[in-house]
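Welcome, and please get your viewer ready. We will go from one selection to the next and look at what is there.

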Amino acid sequence: MSKRAAAAVLAGVMIVGLSACSSTGGSSDGKKPGGKLVLGFAQVGAESGWRTANTKSVQEAAKKAGVTLKFSDAQQKQENQIKAIRSFIQQKVDVIAFSPVVESGWDTVLKEAKNAHIPVILTDRAIDSEDTSLYATFLGSDFVEEGKKAGDWLVKEYQGKPGEVNIVQLEGTTGSAPANDRKSGFADVIKGDPKFKVVASQTGDFTRAKGKEVMQAFLKAQPEIDVLYAHNDDMALGAIQAIEESGKKPGTDIRIVSVDGVKDAFTAMSQGKINFDVECNPLLGDQLMELAKKVKNGEAVERRIKTVEGTFTPEQATAALPTRQY
Ligand code: GYE
């Protein structure tokens, strides 16, 4: 990160920190006496279309629910997220919610939240801590299932067709739950048939720019690529540019399966450039606000709340495009 960006993050954390004095203790209805429920939300960053939709959903839902939202953007860095969570603890927010950049390394800061009696909600991404008392609930998708859906499509697509299928994989952020799980779910399904070969697999950090860059490297190093499996749409969209610039036709010369289901990917599908998209729902805001109120009130909540999602063929994506929200 540049010094300027680092200073901006620090300034953001400090501004959030300064408003600490206005917080007072909570009351039993989940609100400050005479005030609103204060939710500290530590977001991953702004790396993808999915993330932008998720942020908007959380911000709009907070407004609607009368929740005061303290929002922090970690720019995909765990250390920034830890700083933001510490700052929320200092400010004595009522509830902390966050979408962990990576799965490991959260115990210390979450113990601090626990000691301060501030309930924590995981949204979107999980952590791998054995101490499940460190968070009240986890709201988000089943990423292993998403990887399996991508694999199932591939198996069906190549059923009865002879010859090897060379696959390149664009992985999400290293160490993140969606990257780990989408990779393992997919691998589990395709391992049943030796004709499927993952010939190259590398992280594109969930961004278009990196997706393009890594796909360019794949195209140079791999003489035969049949399929691209991208862990999110933004990387697939970046890779499409690389494929086109190399003189190949995305969706035809190289078949593409991706995850998320954002509008830009649906547009690419309607143009025949992506062959299958596994949906991952970013619209978690309303459910998050409801959960925040409940955990603040000490009400019981389910430990794991899975979002309901489907899959899209190009025909289905084209039909859904006019009304797609994100
Ligand atoms: O798929 C990707 C984003 O955690 C589910 O993060 C989320 C993932 C999503 O950057 O586009």
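Start by selecting Arg-208 and Asp-264: their side chains meet in a salt bridge, 2.8 Å from N to O (a salt bridge is a side-chain nitrogen of Lys or Arg within 4 Å of a carboxyl oxygen of Asp or Glu). This pair links distant parts of the chain, with Arg-208 in helix H7 (residues 208–221) and Asp-264 in helix H9 (residues 263–270), 56 residues apart. Helices (H or I, at least four residues) and strands (E, at least two) are DSSP runs numbered from the N terminus.

A word on the model: it is predicted, so local features need pLDDT of at least 70 and side-chain atom pairs count only at pLDDT 80 or more, while totals for chains, interfaces and linings use all residues. Residues are numbered from 1 along each chain as its sequence is written, and side-chain values use heavy atoms, leaving out hydrogens and water.

Colour the pair by accessibility next. Arg-208 counts as partly exposed at 33% relative accessibility, and Asp-264 counts as partly exposed at 42% (buried is under 20% relative accessible area, exposed over 50%, partly exposed in between, with a 1.4 Å probe and protein chains only).

Now pick Glu-47, Arg-51, Asp-124 and Arg-125, which salt bridges with shared partners join into one network. The whole structure has 19 salt bridges.

Move on to Lys-306 and Asp-142, whose side chains form a salt bridge at 3.2 Å, N to O. Lys-306 sits in strand E11 (residues 304–306) and Asp-142 in the loop between strand E5 (137–140) and helix H5 (143–157), so this bridge ties together parts 164 residues apart in sequence.

Of its 13 lining residues, select the closest to the centre: Trp-50, Arg-51, Arg-125, Arg-182 and Asp-260. Helix H2 (49–65) and helix H6 (177–190) are the elements that give two or more residues to this lining.

For the terms here, a cavity is a set of points on a 1 Å grid over the protein atoms alone where a 1.4 Å probe fits but cannot get out, and lining residues have an atom within 4 Å of a point.

Conventions:
On a 1 Å grid over the protein atoms alone, a cavity is a set of points where a 1.4 Å probe fits but cannot get out, and a pocket is an open set with protein on both sides within 12 Å along at least five of seven lines; lining residues have an atom within 4 Å of a point.
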